[in-house]
Amino acid sequence: MTSPRPDGPWAEPPAQGEAIKVAEGVLWMRLPLPMKLDHVNVYALDDGDGWTVVDTGMSSNKTRRIWEQLMAGPLGGKPVRRVVVTHHHPDHIGNAGWFQSEHGAELVTTRTAWLFARMLTLDVQESWPEETLAFYRSAGMDPAIYDARVAERPFNFSDTVYPMPLGLTRIKQGDVLRMGGRDWDIHIGNGHAPEHATFWSRDDNLVITGDQILSSISPNIGVYATEPMADPVAEWLEACERLAPLTRADQLALGGHKLPFLGLPHRVAQLIDNHHGALARLLDHLDEPRTAAECFAPLFKRKIGGGEYGLALVEAVAHVNHLYHLGQVDRSRRADGAWLYQRKG
C-alpha cells in the first residue's frame, strides 16, 4: 500500500491491485476502463468488521479479478458488506450486482440510479431501436459514423453491468450515512446523471464527489433518445450552484476520475464559468443555422476523434437544448430529419 504525501493530493494514482490511504480508514483504488477515459476511481471505507465500497467499476471478468486482488490485499480479507453507488453509469454500478449476488453485500444508492440501472440492464436490444436512430439523425450525426453504427450490434447496458438482483437501500437528499467511522451528509447532484449522490463528511475534510465535480475534466452532460428534449445543463448548473456553499478550500475531493484534489470552491466556480463561457460561444456560433453535430468547435475548442464522437454529440445536443429552453434559439427541421438551431434575430 502506498502512503500519501504529507501535503495531501497525489501526483500518481494507485497501481492496479493496490490502494492509497487518503485518510484514516479510507482507501483509494483504481480500475481500468476500455475507452479513452481509461480508468475509474473507487474507494473503500473501513467499518471495523467489514468494508463499505463506493463505486464498483465496469463489469468484466478482468475487473472482478482485480477486485479479488484488492479484497485479498489492501482490504485484508475483510468482507465487503456494503456497496454505495454514486450514480447509474456502468463504470460506477457495473459490479454492484456481483457484490450483492456473490458477496452478500447491501446495495446503497438513490432510487433513480437503481431504477435506471436495473431498467437498462433488462432492456437488451439486438438491433437499433428506431427511436435511437431518429435521435442520431435529428442531431445531425456524421453520415459515415451513422452508417458504421447501424451496421453494428448496438451497445447494451447489460454488456458492461452485472445482472442486478432486486433490492436496494435508498438514500436521498438530506440523509446522513455512517461509513468509515464518519457521518456523511448526502447531497444530490444532477445533470451528469439523474439523482447523483455526493457525500460530505461531518467529521473531517473529505468529500466524495463521484462524477458531479471532477478535478481536471468536465463531467459529460448528455441528452439521449430516452428523453430527447431534456435540459441536463440546467440541472447540472443548478446542482453545482446549490453545492457551492458547502465547499471549503481545505476539503479533499475524491472524484470518480482523475486525481483527488484540494480547492473545491475554486473548481466548482471554474466548472460553472466554463459552461457559461461555452454557452456564450455556442450562441455566437448559431448566428448561422447549424445542427448539434456542427457545434463541436465552440463547445470543446479541440478536434473530436472517433472515440469521443458519441459523447461529444450528446453533450452538444444538451447545450443546444439548453439555449432552446432558454428561448435564445429557434430550430427548424431539415429535409434529412436534422434539427437546425439558430440564434433568435
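1. In this predicted model, Thr 63 touches Leu 31, Pro 32, Thr 56, Met 58 and Asn 95, once residues up to four places away in sequence are set aside. Thr 63 belongs to helix α1, which covers residues 61-72. Its relative accessible area is 3%, and Thr 63 is therefore classed as buried, the limit being under 20%. Between Thr 63 and Gly 94 the sequence separation is 31 residues, and the C-alpha to C-alpha distance is 9.7 Å.

2. Leu 33 sits in the loop between β2 (26-32) and β3 (39-46). With neighbours within four places in sequence left aside, Leu 33 is in contact with Asp 38, His 39, Val 40, Met 58, Asp 91 and His 257. Leu 33 has 7% relative accessibility and so counts as buried. As for Leu 340, it is 307 residues from Leu 33 in sequence and 35 Å from it in space, C-alpha to C-alpha.

3. The UniProt record, an unreviewed entry, places the feature "domain: Metallo-beta-lactamase" at residues 39-257. In the model, the end C-alpha atoms of residues 39-257 lie 7 Å apart.

4. Thr 109 is in strand β6, residues 106-109. Is this residue buried or exposed? Thr 109 is buried, its relative accessible area being 0%. Apart from neighbours within four places in sequence, Thr 109 is in contact with Val 85, Trp 114, Leu 168, Thr 169, Arg 170 and Ile 171. Val 84 and Thr 109 are 25 residues apart in sequence, while their C-alpha atoms are 5.8 Å apart in space.

5. Helix packing deserves a separate point. Two packed helices are described by the angle between their axes and the distance between the axes. For helix α5 (residues 130-138) and helix α6 (residues 143-150), the angle is about 170 degrees and the axes are 11 Å apart. Angles over 145 degrees count as roughly antiparallel, and α5 and α6 are therefore roughly antiparallel to each other. On the α5 side the contact involves Leu 133, Tyr 136 and Arg 137; on the α6 side it involves Tyr 146, Arg 149 and Val 150. Sorted by class, the residues in this contact comprise 4 nonpolar, no polar and 2 charged.

6. What is the arrangement of α7 and α10? Helix α7 (residues 232-243) packs with α10 at an angle of about 85 degrees, the axes being 7 Å apart. This angle makes α7 roughly perpendicular to α10. Pro 232, Val 233, Ala 234 and Leu 237 of α7 make the contact with Ala 318, His 319 and His 322 of α10. By class, the contact of α7 with α10 has 5 nonpolar residues, 2 polar residues and no charged residues.

7. Turning to aromatic rings, a search of the whole structure gives 7 aromatic pairs. One of them joins Trp 128 and Tyr 136, with the centres 5.9 Å apart and 65 degrees between the planes. The pair is edge-to-face because its plane angle is over 60 degrees. Trp 128 counts as buried at 18% relative accessibility, and Tyr 136 likewise counts as buried at 11%. Tyr 136 also belongs to the α5 residues that meet α6. Elsewhere, Trp 67, Trp 98 and Phe 99 form one aromatic cluster.

8. Glu 195 has a phi near 55 degrees, which is a positive value in a residue other than glycine. Glu 195 is found in the loop between β9 (182-189) and β10 (196-201), and it is buried, with a relative accessible area of 15%. Lys 301 also has a positive phi, near 55 degrees, and is a residue other than glycine. Lys 301 lies in the loop between α9 (296-300) and α10 (306-325). Is Lys 301 buried or exposed? At 62% relative accessibility, Lys 301 counts as exposed, whereas Glu 195 is buried.

Methods:
Residues are numbered from 1 along each chain as its sequence is written. This is a predicted model: local features need pLDDT of at least 70, side-chain atom pairs count only at pLDDT 80 or more; totals for chains, interfaces and linings use all residues. Side-chain values use heavy atoms; hydrogens and water are left out. UniProt positions are given in the numbering used here, feature names are shortened, and annotations may be inferred rather than shown by experiment. Helices (H or I, at least four residues) and strands (E, at least two) are DSSP runs, numbered from the N terminus. Axes are lines fitted to C-alpha atoms, for helices over the stretch in contact, and angles run from 0 to 180 degrees between N-to-C directions. Angles under 35 degrees count as roughly parallel, over 145 as roughly antiparallel, 65 to 115 as roughly perpendicular and the rest as oblique. Contact means heavy atoms within 4.5 Å. Ala, Val, Leu, Ile, Met, Phe, Trp, Tyr, Cys and Pro count as nonpolar, Asp, Glu, Lys and Arg as charged, and the others, Gly among them, as polar. Rings of Phe, Tyr and Trp (its six-membered ring) pair if their centres lie within 6.5 Å; planes under 30 degrees apart count as stacked, over 60 as edge-to-face and the rest as tilted. Buried means under 20% relative accessible area, exposed over 50%, partly exposed in between (1.4 Å probe, protein chains only).
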